[in-house]
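Let's take a walk through this structure together, one piece at a time. Have the sequence and the 3D view at hand.

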Amino acid sequence: MTTVAVIGCTHAGTFAATSILRNHPDWTVDVFEKNDNISFLSCGIALWAGNHVSSTEKMFYSSPEELEKAGAHMHMRHEVNDINVKGKKLDATDLDTGKSKQYRFDKLVITTGSSPATPFIQGLREALESGRAMLCKDYNDGKRIVERTKSIKSVVVVGAGYIGCELAEQLSTRGIKVTLVDALPHVLDNNYDENVTGQAEEAYRDHGVTLAMNQKVVAFRPETNRDGVESSGVTVVTELGEYTADLAVMGAGFVPNTTLVSSQLRTLGYGAIIVDRYMRAATPENDILDDVFAAGDCATVHFNPTNSDEYRPLATNAIREALLIGENIEEPTKQYAGTQATSAIQLYDLSMSSSGMTLDLANRRHIDAQAATIRENYRPEFMLSTTPVTATIVYERITGRILGAQFAAKHDISMAANLISVAIQAGFTVDQLAGTDMLFQPNFDKPVNFVSSLAMAAAAKRSKELEGGK
């Protein structure tokens, strides 16, 4: 009888356990999870805080009982303290009883996820311990944020990535005074180029959000009254200013939870477990391990635009990787197709979506890339209503291979990013995308769909540039 130990059970752990049991129903699958819940959709925390969630129960798509019914042995509220990868054993403590026990396994699945980044900043630890600052990651974080924001008038959100941006938007719609701080020049700077981020920043300002971009946080300190007595508020100090509010929320990204195995497996510099296309881990010497697998926020993904292993923590990546573990855990049979890190965000009435690389990222990677941008209405002007779409596509200058694209509009343009994702995965050039068959119906688009129009503009720009370079 084969025994599998699955460590961690959010998205990757839930889908990995299900996939293993579906493919090998006679195996013993031990799942270890330190919390009392699984499968929480943390991407909904901001919506929860903004009173846009119908039921918190619906933010879970599975349960320990469901996995038990599928055949898993669930060790809830069990924290794994030590893993001996080579010796195939682990120690776990029951957090309710305090008792520890050793477990043996034949195969190991590491789905330990990630933790909120808490960089060494003066006063941050004390601010978190006092409740003046909070993290935004799991169900318990969500509950604390929702409860605390019922009684506050102001908040400083640190980090203008997806988490921080969504939280800032949702809290501002409730009339809370919001300050959004980030060390990068623009909001969502890692996901969109400036022609799109500028629209997002305008939307924030229109809704009273103070933007403190290009400002590195250097300290947190308790707010003090005029008489010098500490209050319940917090002051966030940056290199350029100070911002005081009732609460600060950290949304500065994630770091992989791999401390228990990082010295035993091959990892990237910040600890993400490097996996091959079959989700197998390797020794530090890069010897593939047929009995150790990893997926989700603790592991790398194969990023197709650069054909490299990178750390891109997204629920979609975690799920697709985890599903492959069940198919490959006995022998390698099905390769991971890779990712384009496709994503989207809604800020007020502005929809934004992206896939692949920005031009800024391509330049930082020293890729010979170009970009083309259009702005046009998504459907004909004779319709009673329409609205413009800003679209940018990034491509290799010589080959024309698509590297990424971004879209922004007061209209749902999320599927455009999915289309670009398919094109990147298929290795399309801008010329091939320009010739792709797309529908026309006035309710939905113009005779030339805006994605086609974008690809045509890029193909024409590239052709002109190449001719001029002769």
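**Two helices side by side**

Start with helices H1 and H8, which pack at an angle of about 25°, with their axes 7 Å apart. Keep in mind that what you're looking at is a predicted model. Angles under 35 degrees count as roughly parallel, and H1 and H8 are therefore roughly parallel to each other. As for handedness, H1 passes H8 in a right-handed crossing. On the H1 side, the contact is made by His11, Ala12, Phe15, Ala16, Ser19, Ile20, Arg22 and Asn23. From H8, the residues taking part include Ala315, Ala318, Ile319 and Ala322. An α-helix has 3.6 residues a turn, so residues three or four places apart point the same way.

Now stay with H8 for a moment. This helix covers residues 315–328, and at 1.5 Å a residue its 14 residues should span 20 Å; the end C-alpha atoms are 20 Å apart, so the model agrees with that. Which of its residues are buried? They are Asn317, Ala318, Glu321, Ala322, Leu324, Ile325, Gly326 and Asn328. These buried residues pack against helix H1 (11–23), and also against strands E7 (107–110), E19 (288–294) and E20 (301–303).

Next, look for a hairpin. Strand E4 (residues 78–84) pairs with strand E5 (residues 89–94) in the antiparallel sense, over 6 bridges. If you want a spot to check the pairing, Glu79 stands opposite Thr93 in E5. There are 4 residues between the two strands, and in this hairpin Lys88 takes a positive phi near 55°.

Finally, move along to an open sheet of 5 strands, with antiparallel pairing and the order E22-E23-E26-E25-E24. Its edge strands are E22 (343–347) and E24 (369–377), each of which pairs on one side only. Neighbouring strands here are turned by 10° against each other on average, direction ignored. In a regular strand the side chains alternate between the two faces of the sheet.

Methods
Residues are numbered from 1 along each chain as its sequence is written. This is a predicted model: local features need pLDDT of at least 70, side-chain atom pairs count only at pLDDT 80 or more; totals for chains, interfaces and linings use all residues. Side-chain values use heavy atoms; hydrogens and water are left out. Two strands pair if DSSP finds at least two bridges between them. Axes are lines fitted to C-alpha atoms, for helices over the stretch in contact, and angles run from 0 to 180 degrees between N-to-C directions. The expected span of a helix is 1.5 Å times one less than its number of residues. Buried means under 20% relative accessible area, exposed over 50%, partly exposed in between (1.4 Å probe, protein chains only). Contact means heavy atoms within 4.5 Å. Angles under 35 degrees count as roughly parallel, over 145 as roughly antiparallel, 65 to 115 as roughly perpendicular and the rest as oblique. A crossing is left-handed if the near helix is turned anticlockwise from the far one by less than a right angle, and right-handed if clockwise.
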